[in-house]
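Trainee: I'd like to go through this one with you and ask where each label comes from. Can we take the terms one at a time?

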Amino acid sequence: MSQTFDAIIIGAGIMGCSTAFQLAQRGLKVAVLEKGSIGAGSTGKSSAIIRQHYSNELTARMALYSLRVFRNFEEQVGGECGFTKTGFVAVVAAKDYAGLEANVALQRRVGIQTELLAPEALRDMMPGVEMADLVAAAYEPESGYADPNLTVNAYANAARQLGAKFFLDTEVIGVRFAGGKVAGVDTPHEKFDAPLALNCAGPWGARVAKMVGVEVPINACRVQVAFFRRPPGHEAPHPVVVDFIHASYFRSETGGLTLAGLVDPAEANALGNPDHYNEQ
C-alpha cells in the first residue's frame with residue numbers, strides 16, 4: 001500500500017524543511033522522508049552564520065532576502081531561530097583589496113548595508129584583534145548568526161502546521177519512474193507516490209542522485225570547529241569575522257565562548273563517509 005503526495009522531499013535538514021514549508025504554503029500535499037532525525041546531518045552542526053558578503057550578485061540578493069526572513073522570523077515562519085545580530089566583518093590582505101572594494105560596491109547596489117573599514121576603525125570595534133598583516137575590512141552591521149537546531153525545527157513545525165507529513169527513520173532506497181517521469185520513491189517498508197521528488201539530502205545528495213542515474217560532484221568532507229573561552233577583558237560578544245588572510249572564521253557563542261573554524265579550501269580534501277563521521 002502506498003501513500004500519495006504532490007511532492008516528496010528527501011532529507012529533513014534546513015533545505016528540506018524550508019522547502020517543505022514553502023511548498024505547503026502554496027497548497028501542495030508534501031511528504032518529507034528522512035533517514036534519521038530532523039537536522040541530524042550537517043544542518044544541526046552548522047555554525048549558522050548569517051552574512052551577506054558574496055562576490056556573486058544573485059547570491060548577495062538571496063542573502064539579503066534571507067536576512068530579512070531571519071530578522072522577522074516569528075512573523076514569516078513562526079517559532080524561534082535564535083538570530084543574534086552581532087555584525088559581520090571580512091578581512092583581507094593587500095592583494096585582495098581591489099576585490100573587497102568591488103564586492104562592497106556590488107552589495108551596496110543591491111541594497112545591502114555594508115562599508116569598508118580601515119584597520120583603525122576595526123581596532124576600535126574589536127580592541128583585542130591583531131592586525132599586523134591586515135589591510136582592510138568590510139563590515140555589515142545587520143548580520144550575525146542563528147541557532148541551527150532552533151531554525152530547522154521551526155521550519156519543520158511550520159510545515160507540519162500547513163499539512164506537511166514527516167517520516168523520520170525512513171531511508172529512501174530507490175526512485176520509481178513511469179513514462180520517463182518520476183512516479184514515487186521506495187523505502188524499506190513503504191512506497192510513496194508523487195510526480196515530484198526533491199533531492200535535499202545534503203552530504204548524501206550524490207547517493208540519492210545516483211538512484212536516477214545522475215552523477216553530481218558532491219563529496220562529503222570532515223570540517224572541524226572548536227570552542228574557545230574568551231580571555232578576561234574580552235567577555236563581550238564580538239562580530240562574526242571571516243579572515244581571508246588566515247582562511248579562518250570565528251563568531252561569538254553563549255557563555256563567553258567563541259566558535260572558530262576554517263574556510264580553507266584544503267578542508268574539502270578530508271573526504272569521509274557521512275554515515276560514519278569522526279566527530280572527535
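Mentor: Let's start with G205, which is buried, with a relative accessible area of 2%. A word on the ground rules: this is a predicted model, where local features need pLDDT of at least 70 and side-chain atom pairs count only at pLDDT 80 or more, while totals for chains, interfaces and linings use all residues. Residues are numbered from 1 along each chain as its sequence is written, and side-chain values use heavy atoms, with hydrogens and water left out.

Trainee: Why is G205 called buried?

Mentor: Buried means under 20% relative accessible area, exposed means over 50%, and partly exposed is in between (1.4 Å probe, protein chains only). G205 has 2%, so it counts as buried.

Trainee: What does G205 touch, leaving out residues up to four places away in sequence?

Mentor: N199, V216 and I218. A contact is heavy atoms within 4.5 Å. G205 itself sits in helix α7, residues 205-210; helices here are DSSP runs of H or I with at least four residues, strands are runs of E with at least two, and both are numbered from the N terminus.

Trainee: How do you know that the span of helix α2 is close to what is expected?

Mentor: The expected span is 1.5 Å times one less than the number of residues. Helix α2 (residues 57-71) has 15 residues, and its first and last C-alpha atoms are 21 Å apart, close to the expected 21 Å.

Trainee: Which residues of α2 are buried, and what covers them?

Mentor: A60, A63, L64, L67, V69 and F70 are buried. The cover includes β4 (49-50), α3 (73-76), α4 (97-109) and α6 (148-161).

Trainee: What makes N56 a cap for α2?

Mentor: A side-chain oxygen of N56 lies 3.0 Å from the backbone nitrogen of L58, at the N-terminal end of the helix. A polar contact is a pair of N or O atoms within 3.5 Å; within protein, one must be able to donate a hydrogen and the other to accept it, and residues adjacent in sequence count only if both atoms are side-chain atoms. At 3.0 Å, the N56 pair is within that cut-off.

Trainee: Why is the pair R176 and D186 called a salt bridge?

Mentor: The term needs a side-chain nitrogen of Lys or Arg within 4 Å of a carboxyl oxygen of Asp or Glu. The closest N and O atoms of R176 and D186 are 2.6 Å apart, so the pair qualifies. R176 lies in strand β11 (residues 174-178) and D186 in strand β12 (residues 181-186), so the bridge ties together parts that are 10 residues apart in sequence.

Trainee: Are those two residues buried or partly exposed?

Mentor: One of each: R176 is partly exposed at 22%, whereas D186 is buried at 15%. D186 also meets K191 in a salt bridge at 3.4 Å, N to O, and K191 is partly exposed at 41%. R176, D186, K191 and D193 form a network of salt bridges.

Trainee: How many salt bridges does the structure hold?

Mentor: It holds 10. Another of them joins D96 and K95 at 3.1 Å, N to O; D96 is partly exposed at 29% and K95 is exposed at 71%.

Trainee: What makes something a nonpolar core?

Mentor: It is a set of buried Ala, Val, Leu, Ile, Met, Phe, Trp, Tyr and Cys residues joined through side-chain atoms within 4.5 Å. The largest one here has 28 residues, and C17, F73 and F166 have the most contacts inside it. Its largest share, six residues, comes from α6. F166 touches residues including C17, V32 and A156. A second, separate core of 14 residues includes A31 and F167.

Trainee: How do you know that both faces of strand β6 are covered?

Mentor: F88, A90 and V92 on one side and V89 and V91 on the other are all buried. In a regular strand the side chains alternate between the two faces of the sheet.

Trainee: Which strands pair with β6?

Mentor: Two strands pair if DSSP finds at least two bridges between them. β6 (residues 88-92) pairs with β8 (residues 136-140) in the antiparallel sense over five bridges, and with β16 (residues 240-243) in the parallel sense over four bridges. V89 has Y139 as its partner in β8, and F88 stands opposite V240 in β16.
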